[in-house]
Amino acid sequence: MLLGAFALLAVGLLMVGGVTWWAVEHYTGKVDRLSGVFPTRVPAAAQPAPSRGGQTFLLVGVDSRSELPTTGRDAKAPEWKYGAQRSDTMMLVHLPADHSGAYVVSLPRDAWVDIPGHGKAKLNAAFSWGGPPLLIDTVQRLTKVRVDHLAVIDWDGFKKLTDSVGGVDLVVNGASRRMNGTQALAYVRERHHLARGDFDRTHRQQYFLRTLLAKVMRPSTFANPVKAAEVLDDLTAAVSVDDRLDGGDLRALLWGNKKVRPGNMVFMNAPARGTGTISGQSVVLLDPGAGPELWRAMREDAVDIYLQSHDVDRLGATTP
């Protein structure tokens, strides 16, 4: 869920005096690439058409339960093994063609959806059963939005990256707390003691990401070239992206979105009717009426227009 952080970090470095384009080229080339992440043998009727503009990323935070890193340059275990990992965090991020900002939509891990070849189940089971290809296929059939690129980070990478920037300051119950990697991971994974359960949990994840972006974009982050290099090293070592996003594409992405800042980013939850119980499982019930309208706006690169006339479960100034 930190590809956006990498983009803004690299652009921030580019804007600091004395740092050349070589630095951006160097770090984009160090990002780990994953092959075979896109689904194949999908019926033509289930293939989403390309969006009318912009790009859409699927950002995934993986609950691997592994003592070894599973994503990033230093991965020592497979990023996916049948039944061993679930996608703990899933966000669709649409970057509009006019580079005016970014729209981040969290997909609840417990959303009750159709998983190709498996029937109805929770959305996070798709990654467990079929890795990135089945998760992408499931999301694309659910939303009819073409996923252009994938980025994945696991628990190990999340904690290391948080510690690399010196922790994050989050407001919890009205008080500011500085959290290290382990504390931040517990914060974004909590749901049982939150008033709205999964919905507040996804807002916590969005709040963390927004706060992290705001911190790394401060001039002080880049004032010390040695520290800045350490942060970029840790970030590029933590995240993995699909191999369709080569160095040139990533550099073009950075340059095209160089003016995007946390204040230009809109964070929201996918439209949902609430929660329920199916076959003894607590699930999230997506809204079959409001959801398609948002996905259509994303396909048409018109999320800004959609937000002018629709109420959404949007991230506020702080979260529970």
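Colleague: How far apart are the closest N and O atoms in the salt bridge of D110 with K122?

Modeller: A salt bridge is a side-chain nitrogen of Lys or Arg within 4 Å of a carboxyl oxygen of Asp or Glu. In this predicted model, the closest N and O atoms of D110 and K122 are 3.7 Å apart. The pair links distant parts of the chain, since D110 sits in the loop between β4 (102-106) and β5 (112-115) while K122 belongs to strand β6 (residues 119-122), 12 residues apart; helices (H or I, at least four residues) and strands (E, at least two) are DSSP runs, numbered from the N terminus.

Colleague: What should I know about the numbering and the limits of the model?

Modeller: Residues are numbered from 1 along each chain as its sequence is written. Because the model is predicted, local features need pLDDT of at least 70 and side-chain atom pairs count only at pLDDT 80 or more, whereas totals for chains, interfaces and linings use all residues, and side-chain values use heavy atoms, with hydrogens and water left out.

Colleague: Is D110 buried or exposed?

Modeller: Buried means under 20% relative accessible area, exposed over 50%, and partly exposed in between (1.4 Å probe, protein chains only). D110 counts as buried because its relative accessibility is 2%, and K122 is buried as well, with a relative accessible area of 16%.

Colleague: Which residues are linked with D110 in a network of salt bridges?

Modeller: The network links R109, D110, K122, R191 and D198. Within it, the side chains of D110 and R191 meet in a salt bridge at 2.6 Å, N to O. R191 lies in the loop between α5 (181-189) and α6, so its pairing with D110 ties together parts that are 81 residues apart in sequence. R191 counts as partly exposed, at 22% relative accessibility.

Colleague: How many salt bridges are there by this rule?

Modeller: The count comes to nine. One of them joins D169 and R178, with the closest N and O atoms 2.8 Å apart; D169 is partly exposed at 30% relative accessibility, whereas R178, at 53%, is exposed.

Colleague: What lies around R210, which is buried yet has no salt bridge?

Modeller: R210 lies in helix α6 (residues 198-216), and the nearest side chain of opposite charge, D313, is 12 Å away, where Lys and Arg count as positive and Asp and Glu as negative, while His and the chain ends are not counted. The backbone oxygen of G316, however, lies 3.1 Å from a polar atom of the R210 side chain.

Terms used:
A polar contact is a pair of N or O atoms within 3.5 Å; within protein, one must be able to donate a hydrogen and the other to accept it, and residues adjacent in sequence count only if both atoms are side-chain atoms.
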